[in-house]
Structures are given as structure tokens and as C-alpha cells.
Amino acid sequence: MLEIEGIRKAFPGVVALDNVRFRLHAGTVHALMGENGAGKSTLMKIIAGIYTPDQGEVRVKGRPLVLKGPLDALNNGIAMIHQELNLMPYMTVAENIWIRREPKTRFGFIDHGELRRRTQALFDRLVIDIDPEAEVRDLSIASRQMVEIAKAVSFNSDVLIMDEPTSALTETEVKHLFRIIRQLRAQGKGIVYITHKMNEFFEIADEVSVFRDGKYIDTKKSTEVTRDEIIHMIVGRELTQMFPKETVPIGAVVVSVKNLCVEGIFRDVSFDLRAGEILGLAGLVGSGRSNLAEALFGVVPATSGTISIEGVEVTIDSPARAMKCGMAFVTEDRKQTGCFLALDIMANMDTAVLSTRHVRFGFVQGKALRNDCEEMRRKLRVKTPSLDEVIQNLSGGNQQKVLIGRWLLTKPKFLILDEPTRGIDVGAKAEIHRLVSRLAGQGVAVLMISSEMPEVLGMSDRVMVMHEGRMTGIVDRKDADQVRIMELASQ
Amino acid sequence: MSISKLSVGAKPMTFKPGKRKWPPELSIFLVLVGVSLFFEAIGWYVNDQSFIFNADRLQIIILQMSVIGIIAVGATLVIITSGIDLSSGSVVAATAVVSASLAQVSDFPRAVFPHLTDLAPFWPILAGVTVGLVIGLINGVLIAVTAIPPFIATLGTMVAARGFAKWFTGAMPVSMLTDDFAWIGSGGIPVVIFIVLAAIFQVVLRYTRFGKFTYAIGANRQAAVVSGINVNRHLICIYAVAGLLSGIAGTVTAARAVSGQAGMGVMYELDAIAAVVIGGTSLSGGIGRVTGTVIGVLILGVMTSGFTFIRLDAYYQEMAKGAIIVAAVVADQYRRRKRRC
């Protein structure tokens, strides 16, 4: 149904795609896998008409096609659901879905009744329970994702491209999405499904194509391939251990939290965290995990309860105070609260450490600072020619390493990681896991929030679970398994 | 914990050093050269004399632009934090009238403060600078504490400061100033003040923590907060500095004109912002340099002088200025779009 042959696309400085081919059959789900920067998103943007290829041919149903833009792609039956959500927050769900295609009354005004009926019909068909009249800004991220999917389906396109659609969805919502995908597949549509998650691939996809460094590697049927083979194809090397958790001596209590509350968000969270210990924090999206991290670090200070660092009770009312107490916080959202996208790597790495070191009489000691950053860059293996590169040009995994480096330069005693490996590729993921493990080995107390069950189970000494703003339990490593944690997270 | 124990990978990584990059000011400098050559060429045709190779003209260009330049240095800081300061022109008026009122000679019967005449120039200068600083602080506090957009906050102080200047003078010029005070506006002194201030803030932005944090706040305010930067306090400082610089500009203006008038400095803020933007500072924040702003100021100066030189109306001048501001922002957008790919 969709064929791609010999595509090449170069950007200033990099060849994003080189002689790539890809074939999508009607009525199948075709997974696209590869590390970040492998070229998956670029390829999909070419198919969706956002980029024009330098060379090569795109054929739809056997006929060659030169797309002039995203609109042109839609008219040719290709719809894409983007990783970043592209909805207008101050318009209603229905208006968002039918934008540019609104039903009109006789006088040329928008027919709101018809708009509502159409949306409801679409939602009924997909079994989505969202009010068409609700404004998008009032919806959760997951609901917005569902609206995006419904919008893409509403075009009745033959080809649907989904770029990591589940990254913001909970387990139940993922199941729901998969039901929708199966329904579309049964209608003979071709679905391209970009994902990093292995279990999703085995659950939903019929075929997989793997890319690495802008090159096409291979295509396999999902029934004829194993997990290890795919990982091997993606990274081009064996990953002997996905979660290299080292057993390290556990030291004295570093952090002690008692009955911590943020009014209306979460309440009564208590835990102790020791030197060298990794405490996993699991829970569904909206359970208050990230809010707990923000309260600990003083971004949104706690309204009651106590935090003690090494036995001394402290009041943490700002991130600056938290840093003085030896805390560090790698946030969940790299773009919103992490990176200074317009600045270079150096400027991204040095922000936190400048509050305490490498400054004399207000002047930055450039040389010492650069040496430290340079050493950190090398140790974390950030793939970049120099510290002067703008961080926007790095892949997600490398950006994440820079952000972790920002905090490691402050030599923290207590490190909070919120989704440290979200949206980054398998290779970088393993490196970050190894790094976290090693930090624990050096006596750092780590609190790690993660939505990925294997990561939580593989990395943590203990797992704390939250549900709707309450702490529902702490499970030891030896007693922790997927079932037990899911029970606590959804009780 | 030492960094050296952190190594996570087995493979050492090597990279070839990248191509040597040109300083970002180069392209703006080429624009300056281009604009100058343009007037040079037309100058020979129309006037039969050189435009650039005329020491007097160059002096006048720099002298005329130094007041705008002083304001533009502050505007550079503000715009790097992705803010804007519309009040500068009105601050010039307010500080000009206040400083002039304390610099009047004693044999002038209608002095604003008849008992405070023939003062040493230190006092009017201090008063002018203080008024600028206070208005800047008001801007900063409004923006940081009430979280209203800088555009609105400084629009408010812009109107209010102009009103203050009119009330203070009763719409009459404050004249008959002492020679000592007038000295700071004479000869090359304003140029020296401009160059010294530009140099100071070039160093502040590039080599101090204050400068680094300024870029960080402009590039991503939320990330700056999480990185432990006291963003509110920093923004108050930035707007206070911008107000202070406008205060210096206003005092210099009064000294140059040997009078203080409520109508001074009209549209100066826009010229300053234009110079900053032409100089390559991004209105979306996080990017910009004082050196670029200095070149931007010179471009505006050359254009003003050049249009007069080739005997075109001032109206053409304004239209051309408008066009070049828009072109600068378009160029900025284009650069950033290219980087995103």
C-alpha cells in the first residue's frame, strides 16, 4: 500500500536518512524501531509530507507521489499523530477535531449541533468517553492523546502514523488504544507504529522495521523474531544486561520524610532513604509521584510534614534551599523544565553548580568550570564534538545525560530522578541505568520515579507505590513483582 | 563522590574538532559595512564627497547615538531574559528634569528649588540615576511579584513616568544649568560613558554568574527555577539595571541640551530595542550580546546620518528604519528555524 525506495535526507551536518526503504501492507500494524536519532521520525515526517526527501521515491498504491506539505499528505490518505500534541487548548474537542472541515449552516456559519453529533458518533465508534464540548486545556494529557487519535481517524486515511502514542498513557488507556488499532487494522488500514517499548511491539505489531544511524537494517515478522534479536538489530551490539544493578553496601539514613503533604495533591507520605539505596517510586500518571518530587525539592513546597537530611530537620521552601541540603532533581519533562534549548551544552551543564562553586567575586572561573564540564561530558559519554554545541541538536538520550551531568557536578547526597529514561533509546537507557547504579555504589541516595515496570523492578532496592495522592505501600526488592506493584498502584 | 569514578562506557569517544566558527557579530558587522558603503557610493554621486572618510561626521554619528546606546545596553539585558522595557524613553524624561532641577545656577530667579542651586554636579547626577533606578525597581517588582507580562508593566511605567516629568516641570523646560553639570554632556564624554558601560556589561554577561543566569532565565524560565536560580530576584535586578542605565542616559541628555524637558526621550525605547534586535539579540530570549547591540546602534546612527547626507527626507529615514527592524527579526526567526532541523 505504501512503498518507499532509496530515500535520502540530509540536514546541515548530518545525513538523517541514507538509502532507506520501507514497505507497509494494508491491514497490518508495522512497528518502527531504532535508537533516538536513528531516523524513524525523519522518515515518518517525509511520509507525512513535512519534509521533502533529497532523493528517492514514495509510492502510494503503486503510484509515485511527491508531497507538497502535510495537507497534501492528508488529501492522499496519510495521517500522522505527532509525539508532541498539536491541539489548541482554548478550543473545544469537537472544534479541534474538525478544524478546517467544520460543517456549515446555509449562511456559512459553523453548525455547532452537527459538529457535536459528528464528534459524538466518532467517539462512539472508538468507544472514547470524552465530552465533545469540553475545552482541550481542561483535559488530561492522556485524554488529549485520545483526541489526537480520534482526529487522525476522522480523516478516514488509509495510512495512519503513530509516533510513540503511549508515552503519556496509563496501562488501561494503552489497552484501549490497542483495541482501536485492532479495529482499524480489521478495516484494512495500514498503521505505522513508532515505539521504544518491546512489549507493545509484541502485543500489537505484525511486522517490524529497524533503523540505525539513518540506515535501514531489516524487516521481520513479529512471529519470527525474539526480543533479543530486535535489541541486537537496534543497537548493533549485544546488551548482556538491561539492568546492571550492582549490590552495594547500604549506609546510614540520608533522607527521612514524615507525613509530607501538599494540600489537595498528596498526603501523608513517609519514608526513609539510606546512602547507597535506590528507592523506586511507581504509580500511575496522576498519582502524585512527580508532585512528591517537586515538594521534596522545594519547587512547590510541602504544606505540612517534615523532611530531615542526615538527621537534621530542614525547611525546604525553594530549589536553592534543597540544593544547599545536598539534593539534586532531574525533572520529568526535558523540554519544559530541563533543557535551555537555545543554549550550548556548557551553559546547560553549569547552571546548578554555579550556585556553589567555580565563582569568585561573582566572576565565573571559566577554565576550572570548563574542565569539570568537559570531564563530565566524557564520563557520561555525551555524543557531541564539543561543549559549544547547542543542546537542541542532541538526541533525547544525550540531552538527558547533560541534565544528569548538571546535577552530578553539584556532588549531591540525595538524587531525585523523575522518569530518567523516558523517550530515550535502548543504548542510552542502559548507560543511564549503569550510571545510576554506580552513583548508588558511591553512597548517593537515589529516589527514582518511573512508569516502566521493568526499570522500577530492575533498579530499585525498594519500591514505593502511590495511588491518587496516597502512599499505598513500600515493597522490598525480593518481594517486588509486577503483579504486586500493579495491585498497590490501582487498589 | 568524584567524577573520575563515574565512567559508564567502555569505548573511548573521539571527535574531530569542528570547523572554526565565525563570531556571531560578523554578519551584523557586514551589514554595518554594507550600509556605510551604500551611502558612500550614493554620497559621491549626489554630493561629490566621501561619507565615511570624514572624521567630523563619524564623531557626530557616535555622539548622537550614545544616549540610545546607553539605553540599548540595558535593553539587551532585558531582552535576553525574554522581557521588554518600554519605559526607557519616559525614564529619560523623568531623570532629565529631576537632574536638571538640581543643577540650576543661583542667579536664575525661576529655579525649581531656589534653595538648591549651584550644587556640585554630583548631586544632580545622583538624583537622576536614583530616579532611574527606582522606576526600574518598580518595573522589576511588578514583573517578578505580580507576574504580569513585562510589556504591560513597563507600558504602565512608561505612561506614568512621562506624566511625572510633566507634573514636575509644569510642562516648562528646566534651564539655566551649571557649566560643571553641562560638562558631562559635552565633547566626547557621552561617548566615553557609553563605551565604558557597554564594556562593563559585555564582561558581566560573558564572565559572571549573573550573566550566565541571565541567559538561563531567558532560555527557559522554569528550568532556571528548578536549577536553583532565584529568578524573581534576578529579574528585579535586571529591570533595576535597565532603569539605572536609562537614568544615566537621561542625565546625559539633560547635560547635553543644558536643560531638562518633559518631552525628552520620546521613542528612545523603540530605537534602543531596534538596535538590540538588529544586533542579533533574540526577542525570544537566551541569545544576545552587548557587542552586537553596539554594532546595531552604529547601524542606526549611520542610517540617520546617511539619509541626511544624501538629502532624503526624514520620512524616508523612518520608513527605512522600520524595514530594517523587521528584516532583523525575520533573519533571527530564519536562523532559529534552520537550527531546529
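Strand β11 (residues 253–262) of chain A and strand β12(A) pair in the antiparallel sense over 6 bridges, where two strands count as paired if DSSP finds at least two bridges between them. Strands (E, at least two residues) and helices (H or I, at least four) are DSSP runs, numbered from the N terminus. The model is a predicted one, in which local features need pLDDT of at least 70 and side-chain atom pairs count only at pLDDT 80 or more, whereas totals for chains, interfaces and linings use all residues. Residues are numbered from 1 along each chain as its sequence is written, and chains are lettered from A and ligands numbered from 1 in the order in which they are written.

In chain A, an open sheet of 4 strands has the order β12-β11-β14-β15, with antiparallel pairing. Its edge strands, β12 (266–274) and β15 (312–314), each pair on one side only. Neighbouring strands of this sheet are turned by 20° against each other on average, direction ignored.

Strands β19 (residues 414–418) and β20 (residues 445–449) of chain A run parallel and are joined by 5 bridges; the bridge partner of L417(A) in β20(A) is M448(A).

In chain B, helix α7 (residues 189–207) and helix α10 (residues 231–257) pack at an angle of about 170°, with their axes 11 Å apart. Axes are lines fitted to C-alpha atoms, for helices over the stretch in contact, and angles run from 0 to 180 degrees between N-to-C directions. α7(B) and α10(B) are therefore roughly antiparallel to each other, a term for angles over 145 degrees. P190(B), I193(B) and L197(B) in α7(B) meet L245(B), I248(B), V252(B) and R256(B) in α10(B), contact requiring C-beta atoms, placed from the backbone, within 7 Å.

Between the chains, 33 residues of chain B are in contact with 43 residues of chain A. On the side of chain B that touches chain A, α8(B) gives the most, with 6 residues.

Note on methods
Two residues are in contact if their C-beta atoms, placed from the backbone, lie within 7 Å. Angles under 35 degrees count as roughly parallel, over 145 as roughly antiparallel, 65 to 115 as roughly perpendicular and the rest as oblique.
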